[in-house]
Amino acid sequence: MKPSVAAAIEALRVHHASSPRDMRAAFAEDPQRFARFSAELDDLLLDWSKCAVTGETMQLLGKLAEAAGVEARRDAMFAGEIINTTEHRAVLHTALRAAPDATVSTGGQNVVPSVIEVLEAMGAFADAVREGETRGSTGKAITDVVNIGIGGSDLGPVMATLALAPYHDGPQAHFVSNVDGAHIHDTLKRLDPASTLVIIASKTFTTIETMTNAQTARRWIAEALGEDAVGQHFAAVSTALDKVASFGIPPERVFGFWDWVGGRYSLWSAIGLPIMLAVGPQNFRRFLDGARAMDEHFREAPAEKNLPMVLGLIGYWHRVICGYPARAVIPYDQRLLRLPAYLQQLDMESNGKRVTSDGEPVQTPTGPLVWGEPGTNGQHAFFQLLHQGTDVIPVEFIIAAQAHEPDLKVHHDLLIANCLAQSEALMRGRTLEEATAQLIKKGVSATDAQALAPHRVFPGNRPSITIVHRILDPFALGRLIALYEHRVFMEAALFGINAFDQWGVELGKELATQLQPVVEGKEDASGRDASTAGLVAAVSALRG
Ligand code: F6P
């Protein structure tokens, strides 16, 4: 660790030891607290005033960011430098949403023209399917699209398609990811092969789950419509165009992307094809525009009002300085149901690392456990632990000021009230005196009140961030996702790790390949640990 980074962390630790924690007092003392600890980008607001930070905290975090060289790292990413050093790759998902006249170069080549070429090809294909010009082999219009992919080739499209449901005017979208045959079985059994388009989405075109599901879908089409129909019912998205060719998909239905797009950053690329088929090319472009607005803000806004920077700094404060192991992301938006799962891959696959970019063991904790569910549902499940459990888990609330259902205003008013109430309750808490007084006011005897009150105490001072935007439209969704991408980038820069590789997923894949013939009964389990061998035997006995 650079001495200047170590010194900045030490200064933060010393500051934390003596910094005030009473948030009620902090708000009472400073009427400007919300203004001081919130920032906006157009109709997007980030409020971190309910986190236990002071002006000095923000200054010290800013010094850490300077010592860690985050701005230089950010500029290196946008400039197409090889910042993913273990895979020798540039990291240019931002080029996928660059302005058409921008120049974004890596290896001496401007990548923007090829990005636009693929985007236009996707748009032409999506329009033709949506308008019924491109049909199935029997002449039926395409009514259903099944995306087969996993990880980054699934989570982004699933999350965004659901989020943009009000804009959905194309074929019905379905997603198959799990190698569990139940997933593809339950999906295909409801569909007519003659009106179904299957997209095989895989950056590498080698992922075993995706390839297995793709072969099953291929058989489903071939058995129903004949081998010759396959080409008219499939499309593919990949960086490995040579591997796609052998599957029998016509080249005009194959959409490429590039090794400088990480899987978990790929929904802006051709991996977004199912989103585009659902909501149309124009809405997809608005989605890209929203991300570009956040990119520009991240590059240009002053650090203290720079939303991804602040979100990253607060994330670091909670994880490393306060020592909180997790964070919950709670969208008060049913259509963001899959956002927590999407963010789990984005954050945990990026920052779940234990060595620095130089391969040295890290000296601080790295990425937290990220989890969540939409509000208000979560309130009736795990919020008990958030309010009264023994661990502090910072919460990130996301809420839109407007809904897409003007006739259901009462629902949205309640939704907003609940969201704001939860962040207020986490911050304020309820003291023993308040709990006792409330019971007495309700007519409970003094003796009973004394016994019951401890159960009704809320410690408070539990940090939360609230993100408010006007309405969840394609632009706002793109902006929100880019905010989180850059936040993950910021935290990685502070941790000093490479956020763009994922070697931690490899060992399990290798062992699964070795175990497959054992499970199939073609090899025995000798030489494996007693637990694994015992489990193989138990499964085999239960299979009969
Ligand atoms: O197993 C992890 C991973 O490599 C992710 O990073 C990636 O998004 C996912 O698998 C799917 O990979 P592919 O798109 O190559 O099938």
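**Reading annotated sites and a sheet**

Q: Which residues does the UniProt annotation "active site" cover?
A: In the unreviewed UniProt entry, the annotation "active site" covers Glu349, His380 and Lys509; UniProt positions follow the numbering used here, feature names are shortened, and annotations may be inferred rather than shown by experiment. The three span 161 residues in sequence and their farthest two C-alpha atoms are 36.7 Å apart, so they do not all gather at one spot. Residues are numbered from 1 along each chain as its sequence is written. The model is predicted: local features need pLDDT of at least 70, side-chain atom pairs count only at pLDDT 80 or more, and totals for chains, interfaces and linings use all residues.

Q: Is Glu349 buried or exposed?
A: A residue is buried if 20 or more other C-beta atoms, placed from the backbone, lie within 10 Å of its own, exposed if 12 or fewer, and partly exposed in between. Glu349 is buried because 22 other C-beta atoms lie within 10 Å, whereas His380, with 9 other C-beta atoms within 10 Å, is exposed.

Q: How many strands form the open sheet, and in what order?
A: Strands are DSSP runs (E, at least two residues), numbered from the N terminus, and two of them pair if DSSP finds at least two bridges between them. Here five strands form an open sheet in the order 6-5-7-8-9, with parallel pairing. Strand 6 (172-176) and strand 9 (254-256) stand at the edges with a single partner strand each, so one side of each is left without a neighbour in the sheet. Within this sheet, five bridges join strand 5 (residues 144-148) to strand 7 (residues 196-201), and Ile148 stands opposite Ile200 in strand 7.

Definitions and conventions:
Helices (H or I, at least four residues) and strands (E, at least two) are DSSP runs, numbered from the N terminus.
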